[in-house]
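Dear colleague,

I am handing over the structure below, and after it you will find an account of what turned up in it. Please read the text with the coordinates open beside you.

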Amino acid sequence: MKVLKISLIASMVCSTLLGANAFASSHREAPNITRFPTLDSTDFYAFNSYEAGREDYVTLIANYIPLQDAYGGPNYYAMDPAAVYSIHIDNDGDAVEDLTFQFNFTNKLANNNQGIALTVGPAGNQRSVSVPLKNIGGITAADQSAANFSESYQLTLVKGPQNSGSATVLSNTAGGMFHKPLDYIGNKSFGDSSAYASYAGQFIYEFNLDGCASPGKVFVGQRKDPFVVNLGKTFDLVNYVPVEGDSAPGAGDQGGFPGGITQSADNDDLMDKNVTAISIEVPKTCLTTQGNGTIGAWTTASLPQARILNPNAKVGKTEVNGGALTQVSRLGNPLVNELVIGLKDKDTFSTSQPKDDTQFADYVTHPSLPELLNILFKDAVNQTLGTNIETLAPTNFPRNDLVTAFLTGFAGVNQLETVTPSEMLRLNTGIPAKPRDMQSAFGVAGDDLAGFPNGRRPGDDVVDIALRVVMGRLCYPIPVNGTDTDLGLCTSDDASVGTVPFTDGAPVDATMMMDHFPYLATPLSGSK
């Protein structure tokens, strides 16, 4: 009975918590970024490569342009040619980037930007007329002549702060430009999924890094959105009971909380969505030139400060951009701007830098949402259950458990040599990667030190992990190398619902991804 009461309390708390927030990893997470979808970073990953033979590499993936419908023609999802998309690395712990990989995109039509034209009309009354589509026929790995649109990009490495460091344009080892494949328009254009995969695979390039013995890899292109979340019902005031309904996830025995949600792919509302991935793979030794082998990483997207629209827009001449580069998007750890930062400061967070994150400290040390939930629901919960619970929210202040998870990293796991409280994804490059089939979707909490929050892999279930951490999971021992370990951040008395198996019922694991670079699955087809 006590367990059921705690589970009921947990479901009420979790329901309000989810209903009050845009609960997607970083899809449309702040008011201003909704106006810049091509610059909206949806997810960021940093992990030790687990492809066989690539154990000495780190993979970094920054996903952009959220909620892509595969059938979103005729223009689909091009990157913004005025923007600078960046992946930042801090390797000494001062919360300032030491390395930045910058991506600048160029969009062009075929035939020297004039586009493919067809001759229309009878003899003596013919016109050469530009076609309205991005392709006029089938496209294969061997023949791309029917493409009417292309994207290329310049890859630049900046050593030191992005705005003042030393920049070097990186070269394709095969020569020529880096190109981005067309989005997966449909099977009449590309054949089937395997044919598209073969086509897109040609856009994986190696690039040279000065002072680095081995080349890196890069791929930019559309992928199946790897993030998994029960989004629609969550926005509908959480139209489910967010506690595991089986004795164990996937058991199918209804042996958990009565009426609780059970794991099903049908609960994933992003199942039919694609995303655009910027993926790089770099030798570890080229990222850890100083410090203790742990890196901090985050992604940003920036635009020139001024944009003047062309009242007579033409292809390639829609506006004039100028002024200082201005950051409009930022993402390190998942869910921070959704579950931690207050609405009035979400846009500020998007434009801020990790070194200035002390301005957001109160959101972590004294989070408002658990207290708000307690004010709104404590009396109702006590009346319903006949209990006299003093508070539903964790009671340890400051919330050192959240400070460690979000701002400093865990000593001996993913803490940099110098500890500067700041929000970034931290990865210990010295902890060996787990093969895909041996990974736990719960990362460190699942006795897998190679997973979240030690970096983040595509198969880590960060929704369930984040739910449990916010409600005090770290106040209880967690398994480390098979041994339950007290982290000493808080106690079980501080978190009455800290061991409840919160879940949105949308499962994810590494087997849903590829086991090799660029790891994310082939995108969904816009047409069968």
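Helix 12 is mostly covered, since nine of its nine residues are buried; among them are Val462, Asp464, Arg468 and Val470. Please keep in mind throughout that this is a predicted model. After helix 12 comes Gly472, which has a positive phi, near 105°.

As a general background, nonpolar side chains in soluble globular proteins tend to be buried together.

Leu60 is placed in strand 2, which covers residues 57-69, and Leu60 counts as buried because its relative accessibility is 0%, where the cut-off for buried is under 20%. Leaving aside neighbours within four places in sequence, Leu60 is in contact with Phe44, Tyr45, Ala46, Ile87, Ile89, Ile278, Ser279, Ile280, Leu287 and Ala297. The C-alpha atom of Leu60 is separated by 31 Å from that of Asp486, a residue 426 places away along the chain. For Phe103, with neighbours within four places in sequence again left out, the contacts include Ala83, Val84, Tyr85, Tyr153, Leu155, Val218 and Val220.

Turning to the pockets, the largest holds about 720 Å³ of space, and of the 29 residues that line it, Asn107, Phe149, Val315, Gly316 and Thr318 are the closest to its centre. Strand 4 (99-109) and strand 14 (317-331) each supply at least two residues of this lining, with strand 14 giving the most, four residues. By type, the lining of the largest pocket divides into twelve nonpolar, eleven polar and six charged residues.

The second largest pocket holds about 530 Å³ of space, and it is lined by 30 residues, of which Ala445, Ile465, Val469, Leu474 and Ile478 lie nearest its centre. The elements that give two or more residues to this lining are helix 11 (400-408), helix 12 and strand 16, and the largest share, five residues, comes from helix 12. The lining of the second largest pocket consists of 22 nonpolar, five polar and three charged residues. Ile465 and Val469, which are named among the residues nearest the centre of this pocket, are buried residues of helix 12.

A search of the whole structure finds two disulfides. In one of them, Cys212 and Cys286 have their sulfur atoms 1.6 Å apart, and the link is right-handed, with 90° about the S-S bond. This pair links distant parts of the chain, with Cys212 in the loop between strand 10 (205-207) and strand 11 (216-224) and Cys286 in helix 6 (residues 284-287), 74 residues apart. Cys212 and Cys286 are both buried.

In the other disulfide, the sulfur atoms of Cys475 and Cys490 are 2.0 Å apart, and the link is left-handed, with -100° about the S-S bond. Cys475 lies in the loop between helix 12 (462-470) and strand 16 (478-480), whereas Cys490 lies in the segment after strand 17 (483-485), so the pair ties together parts that are 15 residues apart in sequence. Cys475 and Cys490 are buried as well. When the bonded cysteines of the protein are numbered in sequence order, the pairing reads 1-2, 3-4.

Is Asp484 buried or exposed? Asp484 counts as exposed because its relative accessible area is 59%, and the cut-off for exposed is over 50%. With neighbours within four places in sequence set aside, Asp484 is in contact with Pro477, Ile478 and Pro479. From C-alpha to C-alpha, Asp484 and Asp447 are 9.3 Å apart in space, while in sequence they are 37 residues apart.

With best regards

Terms used:
Residues are numbered from 1 along each chain as its sequence is written. This is a predicted model: local features need pLDDT of at least 70, side-chain atom pairs count only at pLDDT 80 or more; totals for chains, interfaces and linings use all residues. Side-chain values use heavy atoms; hydrogens and water are left out. A disulfide is a pair of cysteine sulfur atoms within 2.5 Å. Buried means under 20% relative accessible area, exposed over 50%, partly exposed in between (1.4 Å probe, protein chains only). Contact means heavy atoms within 4.5 Å. On a 1 Å grid over the protein atoms alone, a cavity is a set of points where a 1.4 Å probe fits but cannot get out, and a pocket is an open set with protein on both sides within 12 Å along at least five of seven lines; lining residues have an atom within 4 Å of a point. Grid points are joined across faces, edges and corners, and a volume is the space filled by probe spheres set on the points. Ala, Val, Leu, Ile, Met, Phe, Trp, Tyr, Cys and Pro count as nonpolar, Asp, Glu, Lys and Arg as charged, and the others, Gly among them, as polar.
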